[in-house]
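Subject: Structure handover and notes

Dear colleague,

I am passing on the structure below, together with my notes on what was found in it. Please read the notes with the coordinates open beside them.

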Amino acid sequence: MPDNRLKEAARTPGMTAGAFTYSGGRVEPGESATFRYRVSETYLGDPLRIPVSIVNGPQPGPTAVLTAAAHGDELNGIEVVREVALDWEFDELHGTLILLPVLNVPGFLAQQRYLPIYDRDLNRSFPGDPEGTGAKRMADTIFRNFVEPADLGIDFHTSTRGRSNMLHVRGDMGDSAVERLACAFGTEVIIDSTGASSSLRRAATEAGTTTITVEMGEAHRFQRPLIDRALAGVESVFAEYGLVADRSVTWPGWRTVISSDEKTWLRAPSGGLVEMHVERGEIVQAGETIATITNPFKTERNTVEAPSDGLLVGALENPVVYPGNPLCHLVELEPETRAVAEQVRATASGSRQDS
């Protein structure tokens, strides 16, 4: 069973903020630390370390952990966590922040999704095992020292190569604590799912660290608009849990919660070159042409239409497909939700044009 003493102390009104401890160190209240922490070693026996920043506020409060790059080629979240760790001011922080911008350092160095030294998915290795595979041993060290002691967590991801996701949250909305965290992040779309077995999100939530996944953009790049929106989401969460003062919780203007079995991947009916007619984040009507697939001579043409009104949460970026390859991830919207969403977007667009 997890040791929840730090969590209970953070939740007890009037208690003095305590030191945050991990194997090999401690950070006292009102102090911060930035260091590289050993989680494994290379073939040559050299230490393999991940970057860690800890900010322990002068006032008592919850402990939050922010993680990114469990998949080494997913870069947007790295910049989110890095900016929170290094650019934000926390003189009046109520609680503790654990900031882990690059979990999968070997994958990051190789710009690969998985752990190249173990050929494993780090995000399918949690909570880890100190006697298990190399990936599970690494996961155990990270989880035991920096994830399990926290009250809440935000794990940042992007889509895999060749596809792109709009900013959205994934979490188990049947868990009231997860629901609170997911809504506090302030996205229009929340996908309700428990998460894959042995994923960081699922393992953390089961261990008592309420955790959501934030999906944003595509691999191998920084996308500044998405990074800025994610930073606003982090600020909203910190406001919801009282980590920072003088901040407000974000309401995106509209929201839809979709069960994981209600999302639809539209797939290519044929192989060829793809022209996408809509982008991620766009609202489409039933029957609207989403993509056209042609052969190299454009003598054969297939069109893919939206089966219903909906929102494109994810879309293809790489313009070549085999039959059956995913083209886009479509989420159906109720008519009332769609009407509000279009009104909010029209108002936002008008405001940008006027500025």
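Which residues does Arg280 touch, not counting residues up to four places away in sequence? With contact meaning heavy atoms within 4.5 Å, Arg280 touches Ser164, Asn165, Met166, Gln223, Leu226, Leu312, Val313 and Ala315.

Before going further, some conventions. This is a predicted model, in which local features need pLDDT of at least 70 and side-chain atom pairs count only at pLDDT 80 or more, while totals for chains, interfaces and linings use all residues. Residues are numbered from 1 along each chain as its sequence is written, and side-chain values use heavy atoms, with hydrogens and water left out.

Confidence

The mean pLDDT (the predictor's confidence in each residue, from 0 to 100) is 91 for the protein, and 92% of its residues reach 70 or more. Over residues 1-16, however, the pLDDT is below 50, and this stretch has 18 contacts in the model beyond near neighbours in sequence.

Arg280 is found in the loop between β13 and β14 (283-284), where helices (H or I, at least four residues) and strands (E, at least two) are DSSP runs numbered from the N terminus. At 27% relative accessibility Arg280 counts as partly exposed, on a scale where buried means under 20% relative accessible area, exposed over 50%, and partly exposed in between (1.4 Å probe, protein chains only). The side chain of Arg280 makes a polar contact with the side chain of Ser164 at 2.6 Å; such a contact is a pair of N or O atoms within 3.5 Å, where within protein one must be able to donate a hydrogen and the other to accept it, and residues adjacent in sequence count only if both atoms are side-chain atoms. Although Arg280 and Leu330 are 50 residues apart along the chain, their C-alpha atoms are separated by 9.4 Å.

Thr158, in the loop between β7 (152-157) and β8 (163-171), is buried, with a relative accessible area of 3%. The side chain of Thr158 reaches the backbone nitrogen of Ala219 at 3.4 Å, and, leaving out residues up to four places away in sequence, the residues touched by Thr158 include Glu74, Asn76, Asn165 and Glu215.

His94 belongs to strand β6 (residues 94-100) and counts as partly exposed at 28% relative accessibility. Among the residues that His94 touches, not counting those up to four places away in sequence, are Gln59, Pro60, Gly242 and Leu243. His94 and Arg38, by contrast, are 56 residues apart in sequence and 28 Å apart in space, C-alpha to C-alpha.

Strands and sheets

Two strands are taken to pair if DSSP finds at least two bridges between them. An open sheet of 4 strands runs in the order β16-β15-β13-β18 with antiparallel pairing, and its edge strands, β16 (301-305) and β18 (320-321), each pair on one side only. Strand β13 (residues 272-276) pairs with β18 in the antiparallel sense over 2 bridges, with Leu273 standing opposite Val320 in β18.

In strand β19 (residues 326-332), 6 of the 7 residues are buried, so this strand is largely enclosed by the rest of the structure. Strand β19 pairs in the antiparallel sense with β12 (residues 264-267) over 4 bridges, and with β17 (residues 310-316), again antiparallel, over 5 bridges. Cys328 of β19 is the bridge partner of Leu266 and also of Ala315.

The pairing of β9 (residues 189-192) with β11 is parallel, over 4 bridges, and Val189 stands opposite Thr256.

Aromatic rings

Rings of Phe, Tyr and Trp (its six-membered ring) pair if their centres lie within 6.5 Å, with planes under 30 degrees apart counted as stacked, over 60 as edge-to-face and the rest as tilted. By this rule there are 11 aromatic pairs. In one of them the ring centres of Tyr22 and Phe146 are 5.7 Å apart and the planes are at 40 degrees, so the pair is tilted. The pair links distant parts of the chain, with Tyr22 in strand β1 (residues 20-22) and Phe146 in helix α4 (residues 134-147), 124 residues apart.

With best regards
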